[in-house]
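I opened the notebook to keep track of what I looked up, one entry at a time.

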Protein chains: 2
Amino acid sequence: MSRVRVHNFSVSLDGYGTGEGQSLERPFGHAEGRLHDWFFHTRSFRAMHGEDGGDTGVDDALAGAWEPGIGAEIMGRNKFGPQRGPWEDHEWTGWWGEDPPFHTPVFVLTHHPRPPLVMKGGTTFHFIDATPQEALRQAREAAGGLDVRIGGGPTMVRDFLAADLIDHLHVAVVPILLGRGVRLWEGLEEMEKRFTVESTTTPSGITHVTFTRPADQ
Amino acid sequence: MSRVRVHNFSVSLDGYGTGEGQSLERPFGHAEGRLHDWFFHTRSFRAMHGEDGGDTGVDDALAGAWEPGIGAEIMGRNKFGPQRGPWEDHEWTGWWGEDPPFHTPVFVLTHHPRPPLVMKGGTTFHFIDATPQEALRQAREAAGGLDVRIGGGPTMVRDFLAADLIDHLHVAVVPILLGRGVRLWEGLEEMEKRFTVESTTTPSGITHVTFTRPADQ
């Protein structure tokens with residue numbers, strides 16, 4: 001059975017999945033790289049961008065689970081780029097460069113559909129205006145039996161959790177207080193009851209929390 | 001130097017330090033005992049209430065640090081009892097029984113001062129209407145050179161943190177989502193920069209996070 005998975009979703013101790021004030025220069029707003037520093041240091045992250053080296057260990061083992069078995073991703077528009085409202089710049093093809101690290105179809109949720117963008121390396125961005133359920137139906141079809149990754153940001157992960165569409169969620173709690181931004185944990189009372197929950201703190205100070213749907217184990 | 005300490009302050013993964021709807025029967029509102037189950041199982045908690053047994057291990061080691069070296073506590077009114085506004089029942093002496101586990105002076109912050117309550121075992125409740133700074137001055141005087149414990153709930157811990165009056169904070173993050181209640185983490189952006197931060201997850205699934213002021217180590 002194809003599963004729906006979230007990996008490496010970093011939140012601050014006060015629960016923010018991204019900072020305030022996203023812009024082209026600051027994809028995470030005032031959070032800058034602070035939520036993802038642990039990830040940037042891993043071998044898995046560096047390999048994703050064609051670089052050698054990087055730390056191995058528990059952070060890296062968890063980081064590396066993001067790719068195997070994934071056949072499609074669904075992401076929020078803000079993970080593609082900072083533009084709001086009708087698309088004004090069709091030339092700019094997102095934050096992910098000419099050869100994005102996804103290598104699968106990627107469904108970008110937006111109220112402003114536009115033609116697909118075929119990138120190098122197997123990534124095609126499809127821009128769709130759809131409910132979580134409908135987006136997942138399309139992504140599953142595109143994934144050809146493989147799993148679907150829910151890529152974030154926080155609002156769309158929260159929407160998919162609220163709709164009970166997620167089978168596996170990996171959250172990395174970073175011991176910083178952002179104070180403002182977009183919170184992951186809103187309106188998800190007793191969500192843990194649907195999952196087997198495990199936590200582990202690594203020497204980097206990150207606490208990894210996994211939620212796995214029991215029937216899915 | 002006398003230190004100001006918070007111990008065993010439990011929050012849900014979504015950051016709530018207490019639930020919604022506190023009442024005489026439900027001191028933690030809809031959170032019930034879920035935030036403190038880990039604590040109730042420890043040998044330290046049982047000893048605090050004159051009982052034998054209980055688990056030992058890392059949870060217990062952290063739990064037991066709440067008492068040694070403390071000469072006074074400051075608590076919010078809601079930790080004493082659920083009454084709001086002017087005191088209507090002077091006979092009821094709080095949630096803590098005839099022999100409260102504090103055994104020191106306890107300063108209860110309230111906009112409605114009343115005469116002190118002298119309990120068995122060395123606990124005296126003083127009811128004061130004071131700023132965090134003034135309450136701490138009085139508690140330090142009463143503590144006779146020992147440390148002062150900030151007892152909670154979440155609003156007053158947050159106020160003392162915002163005023164930079166706390167030297168050591170131990171938070172126990174419980175992997176549940178309460179969804180509503182009173183949040184600890186509000187308006188504390190970059191608080192971690194004032195502290196050395198350590199995290200550890202125990203086999204009970206609790207992640208203990210300690211904030212220690214570097215000059216205080």
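Before counting bridges I noted that two strands pair if DSSP finds at least two bridges between them, and that strands (E, at least two residues) and helices (H or I, at least four) are DSSP runs numbered from the N terminus. This is a predicted model, in which local features need pLDDT of at least 70 and side-chain atom pairs count only at pLDDT 80 or more, while totals for chains, interfaces and linings use all residues. Residues are numbered from 1 along each chain as its sequence is written, chains are lettered from A in the order in which they are written, and side-chain values use heavy atoms, with hydrogens and water left out.

Entry one: I looked up strand E1 (residues 4-12) of chain B, and found that six bridges join E1(B) to strand E8 (residues 168-174) of chain B, running parallel, with B:Arg5 opposite B:His168. Two bridges, also in a parallel pairing, link E1(B) to strand E7 (residues 147-150) of chain B, where B:Arg5 stands opposite B:Arg149.

Entry two: I asked why E1(B) counts as largely enclosed by the rest of the structure. Nine of its nine residues are buried, so E1(B) is largely enclosed; buried means under 20% relative accessible area, exposed over 50%, and partly exposed in between (1.4 Å probe, protein chains only).
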